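Student: I would like to go through this model with you. Please put it up first.

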Amino acid sequence: MLIVNGSPHKNGDTAYIVNKVKEKLNGDIEEIFLYDKNIKPCMDCRYCWKQEGCNLKDDMEIIYKDDYDILVLASPVYMYNMTPPMFNLVTRLNWIWSNQFFLKKRVNLRKKRGILILVGGGSGEPKHALDTAKLIFKFLNADFDIKNDYLYSLHTNERLKIQEINVIL
Ligand SMILES: Cc1cc2nc3c(=O)[nH]c(=O)nc-3n(C[C@H](O)[C@H](O)[C@H](O)COP(=O)(O)O)c2cc1C
């Protein structure tokens with residue numbers, strides 16, 4: 001299992017829920033904190049229009065190695081979306097689309113399960129964050145069952161209140 005934590009806080013609200021999930025899941029767990037990693041945004045250099053893969057070499061290799069059967073995306077909601085490093089990450093998956101569209105090369109990634117954890121200080125429905133997460137899952141071939149594999153906690157400004165814990169562990 002790979003847990004991608006998009007919070008700048010190692011012991012924040014997102015980490016609180018991630019740790020609860022970790023207690024329940026067995027097997028090898030690798031957790032990365034995106035704020036500690038070097039994942040550049042896509043620069044639209046268009047390398048992937050003509051060649052396989054991405055021209056940027058950085059910590060995206062952790063994502064690309066594709067040796068995990070569960071992908072947990074965890075992020076606080078920032079401006080209705082996931083945090084900036086998580087958004088960098090999604091832009092770095094665009095080469096998968098470009099390779100297929102321009103080069104007719106399909107990238108075969110292993111089928112995996114996607115689990116999403118979102119945490120927000122306010123009460124707004126994190127629609128944009130959800131859309132970003134769905135894109136990441138789609139590119140990385142993760143099945144995301146929104147009914148069962150989506151946890152969110154809102155109103156953390158008042159207190160950490162887990163409104164819904166649906167993940168079937
Ligand atoms: C720059 C910024 C933008 C934020 N935008 C939102 C938002 O759009 N909606 C929301 O509910 N909370 C928003 N928050 C609040 C965080 O989601 C909240 O404090 C969260 O519990 C932090 O989680 P963490 O402890 O894991 O970092 C924002 C916080 C920051 C710093």
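Student: What share of the contacts in the protein with a separation of 6 or more comes from residues 24 or more positions apart?

Tutor: This is a predicted model; local features need pLDDT of at least 70, side-chain atom pairs count only at pLDDT 80 or more, and totals for chains, interfaces and linings use all residues. Residues are numbered from 1 along each chain as its sequence is written. Two residues are in contact if their C-beta atoms, placed from the backbone, lie within 7 Å. Among contacts with a separation of 6 or more, the share from residues 24 or more positions apart is 75%.

Student: Over which residues does pLDDT stay under 50?

Tutor: pLDDT is the predictor's confidence in each residue, from 0 to 100. Its mean for the protein is 91, and 93% of the residues reach 70 or more. The model has 24 contacts beyond four places in sequence for the stretch under 50, residues 160–169.

Student: What radius of gyration does the protein have?

Tutor: The radius is taken over C-alpha atoms, and the globule rule is 2.2 Å times the number of residues to the power 0.38. For 169 residues, a compact globule would come near 15 Å, which agrees with the protein's 16 Å.

Student: Which residues have the most contacts inside the largest nonpolar core?

Tutor: Such a core is a set of buried Ala, Val, Leu, Ile, Met, Phe, Trp, Tyr and Cys residues joined through C-beta atoms within 7 Å. The largest one has 36 residues, and those with the most contacts inside it are Val72, Leu73, Ile117 and Ala133.

Student: Is Ile39 buried or exposed?

Tutor: Ile39 sits in the loop between β2 (30–33) and α2 (47–50). Helices (H or I, at least four residues) and strands (E, at least two) are DSSP runs, numbered from the N terminus. A residue is buried if 20 or more other C-beta atoms, placed from the backbone, lie within 10 Å of its own, exposed if 12 or fewer, and partly exposed in between. Ile39 has 20 within 10 Å, so Ile39 is buried.

Student: How many residues of the shell around the ligand are charged?

Tutor: The shell has 17 residues, and the closest are Gly12, Thr14, Gly120, Gly121 and Thr156. Ala, Val, Leu, Ile, Met, Phe, Trp, Tyr, Cys and Pro count as nonpolar, Asp, Glu, Lys and Arg as charged, and the others, Gly among them, as polar. Seven are nonpolar, nine are polar, and the number charged is one.

Note on methods
A residue is near a molecule or strand if its C-beta atom, placed from the backbone, lies within 6 Å of it.
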